[in-house]
Amino acid sequence: MKKVIVLAALFSAIATPAMAMPDELLEAGVYTPTATAVSSYTTVPNQDTQEAVQEFVQTWAKTNKQIEVAKKHVAAGTDTEADRKWLRFYQRNAPVKRFTYHMNRRLEFYRRAHNWNARNHKDKHYSYTMQPGQDEARKDTLSQGFTNSYGWNVLHEEIQQVEEVVQQAKETAAETKTPLEAATVAQAINDRVYGVGKSISNEELRYYLNELIWFSAKQATKEMTAHAPAPLIP
């Protein structure tokens with residue numbers, strides 16, 4: 001009996017501090033970039049992420065070339081079923097649309113896994129952190145009575161930064177009618193990921209910064225490659 005009591009007391013002594021530790025990623029907090037990079041064991045973006053981004057952008061550039069040829073054939077009135085297949089494919093599998101879709105779905109996966117607060121206007125479980133307007137230092141959604149979790153804020157910022165790069169690259173290529181510069185766009189994406197990651201000291205969150213982009217780029221590339229028609233040009 002004494003042994004049971006001693007073991008129970010020992011477990012309580014060990015478990016109580018651990019349970020009392022704050023969850024940095026769950027607690028509300030605004031992402032604040034820093035000028036000096038933090039010291040960390042996890043590189044952001046790591047090699048796998050950089051390679052996945054490069055592969056995605058190269059696939060995007062090759063897709064654009066096929067679409068350019070198909071549109072030229074349509075304009076000249078010489079289009080074939082092969083051209084029309086590419087145009088239909090592009091409607092369903094536009095590279096930027098695929099990539100951004102998977103980034104946002106991956107963020108939603110993390111939100112649900114961690115019960116993070118976010119801009120969840122309809123689903124407000126685990127969200128309420130204060131009475132509305134009680135803490136003026138929290139700027140997210142005071143009128144709703146909750147603020148975004150720090151982990152969600154950081155990953156959402158990463159998505160916004162990357163979306164800005166790919167949208168700008170897409171619009172520039174369309175306006176100038178020039179081929180997509182794959183190496184330049186890939187470097188711009190990786191630079192934005194680094195810009196967010198250099199301010200993050202939490203190792204778990206740095207892993208998520210890599211994984212979100214790596215997964216989204218790999219999945220978008222996989223879908224485009226799997227569903228693409230036979231090439232119009234080599």
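Predicted model: local features only at pLDDT ≥ 70, side-chain atom pairs only at ≥ 80, totals over all residues.

Student: Where is F89 placed?
Tutor: In helix 3, which covers residues 81-92.

Student: Why does F89 count as buried?
Tutor: Compare the value with the cut-off. Buried means under 20% relative accessible area. F89 has 1% relative accessibility, so F89 counts as buried.

Student: Which residues does F89 touch, leaving out those up to four places away in sequence?
Tutor: T63, M224, H227, A228 and P229. A contact requires heavy atoms within 4.5 Å.

Student: How far apart are F89 and H227, in sequence and in space?
Tutor: They are 138 residues apart in sequence. From C-alpha to C-alpha, the distance is 7.4 Å.

Student: What share of the chain's contacts with a separation of 6 or more joins residues 24 or more positions apart?
Tutor: That share is 78%.

Student: Now T100. Why is T100 called buried?
Tutor: Use the cut-off of under 20% again. T100 has 12% relative accessibility, so T100 is buried. The residue sits in helix 4, residues 95-114.

Student: What makes the pair of T100 and K97 a polar contact?
Tutor: The distance is one test. A polar atom of the T100 side chain lies 3.2 Å from the backbone oxygen of K97. The limit is 3.5 Å, so the pair is within it.

Student: Which residues does T100 touch beyond four places in sequence?
Tutor: E163 and V166.

Student: How much of the chain is buried?
Tutor: Buried residues make up 38% of the 234 residues.

Student: How much space lies in the largest pocket?
Tutor: About 460 Å³. Helix 2 (47-76) and helix 5 (150-176) are the elements that give two or more residues to its lining.

Student: Which element gives the most to that lining?
Tutor: Helix 2, with seven residues. The lining has 15 residues, and N64, E68, K71, A173 and A174 lie nearest the pocket's centre.

Student: How do the lining residues divide into nonpolar, polar and charged?
Tutor: Eight are nonpolar, two are polar and five are charged.

Methods. Residues numbered from 1 in each chain as written. Heavy atoms only, no water. Helix = DSSP H or I, 4+ residues; strand = E, 2+ residues; numbered from the N terminus. Buried < 20%, exposed > 50% of the residue type's maximum accessible area, 1.4 Å probe, protein only. Polar contact = N/O pair within 3.5 Å; in protein donor to acceptor, adjacent residues only side chain to side chain. 1 Å grid on protein atoms, 1.4 Å probe; cavity = no way out; pocket = protein on both sides within 12 Å on 5 of 7 lines; lining within 4 Å. Points joined across faces, edges and corners; volume = space filled by probe spheres on them. Nonpolar A, V, L, I, M, F, W, Y, C, P; charged D, E, K, R; others polar.
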